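Dear colleague,

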Amino acid sequence: YPGFSLANGKRLPLLRGFMDDLSVMTTSVPYAKEILERVQIVLDWARMKPKASKSRSCVVIKGRCMNAAPFEIGGETITSLQRNPLRMLGREYDGTLSDKNVRIDLVKQIKDDLKCIDKSYISGIMKLFTYQSKMLPTICWPIMIHEIPISWVERYDKHISVYLRKWLGVSKSLSSIALFSKDSPLPLPLTSLVTEFKRRKVGALLSLK
(Lines give C-alpha, C1' and ligand atoms only; values in the text may rest on other atoms or scores of the structure.)
Protein backbone atom coordinates (compact mmCIF):
# COMPACT_ATOMS: atom_id res chain seq x y z
CA TYR A 1 0.00 0.00 0.00
CA PRO A 2 1.28 3.50 -0.75
CA GLY A 3 2.31 5.32 2.40
CA PHE A 4 1.94 9.02 3.02
CA SER A 5 4.58 11.12 1.22
CA LEU A 6 5.95 14.38 2.61
CA ALA A 7 6.71 17.46 0.52
CA ASN A 8 10.43 16.54 0.40
CA GLY A 9 9.60 13.15 -1.13
CA LYS A 10 10.19 11.14 2.02
CA ARG A 11 7.66 8.34 2.50
CA LEU A 12 6.34 7.60 5.98
CA PRO A 13 5.70 3.99 7.03
CA LEU A 14 2.11 2.74 7.13
CA LEU A 15 2.39 1.67 10.76
CA ARG A 16 4.28 3.68 13.35
CA GLY A 17 4.70 2.31 16.86
CA PHE A 18 5.70 4.18 19.99
CA MET A 19 5.69 2.43 23.37
CA ASP A 20 2.24 0.75 23.53
CA ASP A 21 0.65 3.04 20.90
CA LEU A 22 0.19 2.41 17.19
CA SER A 23 -0.70 4.85 14.42
CA VAL A 24 -1.89 4.10 10.89
CA MET A 25 -1.40 6.65 8.11
CA THR A 26 -2.48 5.97 4.53
CA THR A 27 -3.45 7.91 1.42
CA SER A 28 -7.12 6.87 1.39
CA VAL A 29 -9.91 5.64 3.65
CA PRO A 30 -10.20 2.16 2.00
CA TYR A 31 -6.48 1.54 2.54
CA ALA A 32 -6.78 2.53 6.19
CA LYS A 33 -9.77 0.23 6.70
CA GLU A 34 -7.90 -2.77 5.28
CA ILE A 35 -4.80 -2.02 7.37
CA LEU A 36 -6.99 -1.86 10.51
CA GLU A 37 -8.51 -5.23 9.62
CA ARG A 38 -5.04 -6.74 9.39
CA VAL A 39 -4.06 -5.10 12.68
CA GLN A 40 -7.15 -6.71 14.25
CA ILE A 41 -6.05 -10.14 12.97
CA VAL A 42 -2.61 -9.71 14.55
CA LEU A 43 -4.10 -8.52 17.85
CA ASP A 44 -6.51 -11.48 17.94
CA TRP A 45 -3.57 -13.82 17.36
CA ALA A 46 -1.70 -12.20 20.26
CA ARG A 47 -4.86 -12.41 22.43
CA MET A 48 -4.96 -8.64 22.81
CA LYS A 49 -7.96 -6.34 22.59
CA PRO A 50 -7.81 -2.80 21.12
CA LYS A 51 -9.55 0.06 22.91
CA ALA A 52 -11.55 2.06 20.38
CA SER A 53 -12.59 4.52 23.10
CA LYS A 54 -8.95 5.62 23.48
CA SER A 55 -8.39 5.83 19.72
CA ARG A 56 -9.06 8.72 17.35
CA SER A 57 -9.42 9.02 13.60
CA CYS A 58 -8.71 11.94 11.31
CA VAL A 59 -9.71 12.17 7.64
CA VAL A 60 -7.96 15.10 5.92
CA ILE A 61 -9.17 16.32 2.53
CA LYS A 62 -7.49 19.36 0.94
CA GLY A 63 -5.94 20.34 4.25
CA ARG A 64 -9.18 20.20 6.23
CA CYS A 65 -10.11 17.67 8.89
CA MET A 66 -13.51 16.20 8.03
CA ASN A 67 -16.19 15.47 10.62
CA ALA A 68 -16.39 11.77 9.73
CA ALA A 69 -15.69 8.53 11.57
CA PRO A 70 -15.53 5.75 8.93
CA PHE A 71 -13.22 3.41 10.86
CA GLU A 72 -13.88 0.52 13.22
CA ILE A 73 -11.74 -1.83 15.25
CA GLY A 74 -12.82 -4.57 17.60
CA GLY A 75 -16.42 -4.04 16.52
CA GLU A 76 -16.43 -0.46 17.85
CA THR A 77 -16.34 2.84 15.96
CA ILE A 78 -13.25 5.01 16.28
CA THR A 79 -14.43 8.55 16.98
CA SER A 80 -13.01 11.48 15.03
CA LEU A 81 -10.95 14.38 16.38
CA GLN A 82 -13.78 16.71 15.38
CA ARG A 83 -16.22 15.01 17.76
CA ASN A 84 -13.85 14.08 20.57
CA PRO A 85 -10.47 15.89 20.88
CA LEU A 86 -7.49 13.96 22.20
CA ARG A 87 -5.28 15.21 25.03
CA MET A 88 -1.80 13.75 25.42
CA LEU A 89 1.21 15.01 27.40
CA GLY A 90 -0.52 18.32 28.03
CA ARG A 91 -1.28 18.88 24.35
CA GLU A 92 -4.77 18.79 22.89
CA TYR A 93 -5.42 17.63 19.33
CA ASP A 94 -8.73 18.66 17.81
CA GLY A 95 -10.34 18.98 14.41
CA THR A 96 -8.83 22.39 13.70
CA LEU A 97 -5.29 20.91 13.50
CA SER A 98 -4.11 24.31 14.69
CA ASP A 99 -2.61 25.83 17.84
CA LYS A 100 -4.65 29.04 17.58
CA ASN A 101 -6.93 28.14 20.49
CA VAL A 102 -3.91 27.24 22.60
CA ARG A 103 -2.47 30.72 22.13
CA ILE A 104 -5.75 32.31 23.21
CA ASP A 105 -5.85 30.17 26.37
CA LEU A 106 -2.18 30.86 27.07
CA VAL A 107 -2.66 34.62 26.80
CA LYS A 108 -5.50 34.43 29.31
CA GLN A 109 -3.38 32.29 31.64
CA ILE A 110 -0.44 34.71 31.50
CA LYS A 111 -2.59 37.77 32.19
CA ASP A 112 -4.54 36.07 34.99
CA ASP A 113 -1.38 34.78 36.69
CA LEU A 114 0.34 38.18 36.52
CA LYS A 115 -2.72 39.93 37.97
CA CYS A 116 -3.03 37.31 40.72
CA ILE A 117 0.62 37.72 41.74
CA ASP A 118 0.42 41.51 41.50
CA LYS A 119 -2.67 41.72 43.76
CA SER A 120 -1.19 39.48 46.44
CA TYR A 121 0.04 41.01 49.69
CA ILE A 122 3.56 39.60 49.50
CA SER A 123 6.61 41.79 48.91
CA GLY A 124 7.99 42.62 45.47
CA ILE A 125 10.92 40.23 45.93
CA MET A 126 8.56 37.37 46.75
CA LYS A 127 6.46 38.25 43.70
CA LEU A 128 9.59 37.94 41.54
CA PHE A 129 10.39 34.61 43.18
CA THR A 130 6.85 33.36 42.52
CA TYR A 131 7.13 34.32 38.86
CA GLN A 132 10.55 32.74 38.35
CA SER A 133 9.96 29.48 40.26
CA LYS A 134 6.25 28.85 39.65
CA MET A 135 4.74 30.85 36.82
CA LEU A 136 7.57 30.68 34.27
CA PRO A 137 7.90 26.84 34.22
CA THR A 138 4.11 26.54 33.91
CA ILE A 139 4.12 28.76 30.82
CA CYS A 140 7.16 27.14 29.20
CA TRP A 141 5.70 23.64 28.88
CA PRO A 142 2.80 24.55 26.50
CA ILE A 143 5.12 26.92 24.62
CA MET A 144 7.57 24.07 24.05
CA ILE A 145 5.10 21.39 22.89
CA HIS A 146 2.98 23.64 20.62
CA GLU A 147 3.88 25.45 17.42
CA ILE A 148 4.16 29.02 18.71
CA PRO A 149 6.21 31.64 16.79
CA ILE A 150 8.97 33.53 18.56
CA SER A 151 7.30 36.85 17.62
CA TRP A 152 4.38 35.86 19.87
CA VAL A 153 6.77 35.01 22.70
CA GLU A 154 8.62 38.32 22.33
CA ARG A 155 5.35 40.27 22.50
CA TYR A 156 4.27 38.74 25.80
CA ASP A 157 7.80 38.80 27.19
CA LYS A 158 7.53 42.59 27.02
CA HIS A 159 4.17 42.40 28.81
CA ILE A 160 5.72 40.33 31.60
CA SER A 161 8.71 42.70 31.87
CA VAL A 162 6.35 45.56 32.79
CA TYR A 163 5.29 43.69 35.93
CA LEU A 164 8.87 42.66 36.75
CA ARG A 165 10.00 46.31 36.73
CA LYS A 166 7.02 47.24 38.89
CA TRP A 167 7.83 44.55 41.47
CA LEU A 168 11.49 45.57 41.51
CA GLY A 169 10.49 49.19 42.08
CA VAL A 170 12.65 50.48 39.20
CA SER A 171 11.94 52.84 36.33
CA LYS A 172 9.73 51.69 33.43
CA SER A 173 12.54 52.68 31.05
CA LEU A 174 14.98 50.15 32.53
CA SER A 175 16.28 48.05 29.65
CA SER A 176 15.78 44.31 29.32
CA ILE A 177 19.57 43.91 29.41
CA ALA A 178 19.60 45.15 32.99
CA LEU A 179 16.77 42.76 33.88
CA PHE A 180 17.98 39.54 32.29
CA SER A 181 21.68 39.86 31.41
CA LYS A 182 24.01 37.55 33.35
CA ASP A 183 27.05 39.69 32.46
CA SER A 184 25.82 42.97 33.96
CA PRO A 185 27.51 44.39 37.11
CA LEU A 186 24.44 43.38 39.14
CA PRO A 187 22.89 40.26 37.51
CA LEU A 188 19.39 39.33 38.69
CA PRO A 189 18.18 35.72 39.09
CA LEU A 190 15.53 36.27 36.42
CA THR A 191 15.08 34.59 33.03
CA SER A 192 13.24 36.12 30.11
CA LEU A 193 10.46 34.20 28.42
CA VAL A 194 12.32 34.43 25.08
CA THR A 195 15.49 32.88 26.53
CA GLU A 196 13.54 30.08 28.19
CA PHE A 197 11.60 29.50 24.95
CA LYS A 198 14.82 29.05 22.94
CA ARG A 199 16.34 26.82 25.61
CA ARG A 200 13.29 24.53 25.77
CA LYS A 201 12.97 24.26 21.97
CA VAL A 202 16.64 23.35 21.54
CA GLY A 203 16.43 20.86 24.42
CA ALA A 204 13.36 19.22 22.89
CA LEU A 205 15.09 18.94 19.49
CA LEU A 206 18.21 17.36 21.02
CA SER A 207 16.05 14.92 23.02
CA LEU A 208 14.22 13.81 19.88
CA LYS A 209 17.50 13.34 17.99
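Is K108 buried, partly exposed or exposed? K108 is exposed, with a relative accessible area of 53%, where buried means under 20% relative accessible area, exposed over 50% and partly exposed in between (1.4 Å probe, protein chains only).

This is a predicted model, in which local features need pLDDT of at least 70 and side-chain atom pairs count only at pLDDT 80 or more, while totals for chains, interfaces and linings use all residues. Residues are numbered from 1 along each chain as its sequence is written, and side-chain values use heavy atoms, with hydrogens and water left out.

A search of the whole structure gives five salt bridges, each being a side-chain nitrogen of Lys or Arg within 4 Å of a carboxyl oxygen of Asp or Glu. One of them joins K108 to D112 at 2.9 Å, N to O, and these two residues lie four apart in helix α2 (residues 100-119), about one helical turn; helices are DSSP runs of H or I, at least four residues, numbered from the N terminus. D118 pairs with K166, the closest N and O atoms being 3.0 Å apart, and this pair links distant parts of the chain, with D118 in helix α2 and K166 in helix α4 (residues 150-168), 48 residues apart. E196, R199 and R200 are linked in a network of salt bridges.

There are zero disulfides, meaning pairs of cysteine sulfur atoms within 2.5 Å, and the sulfur of C116 is 19 Å from the closest cysteine sulfur, in C140, too far for a bond. C116 is exposed at 57% relative accessibility, whereas C140 is buried at 2%.

Best regards
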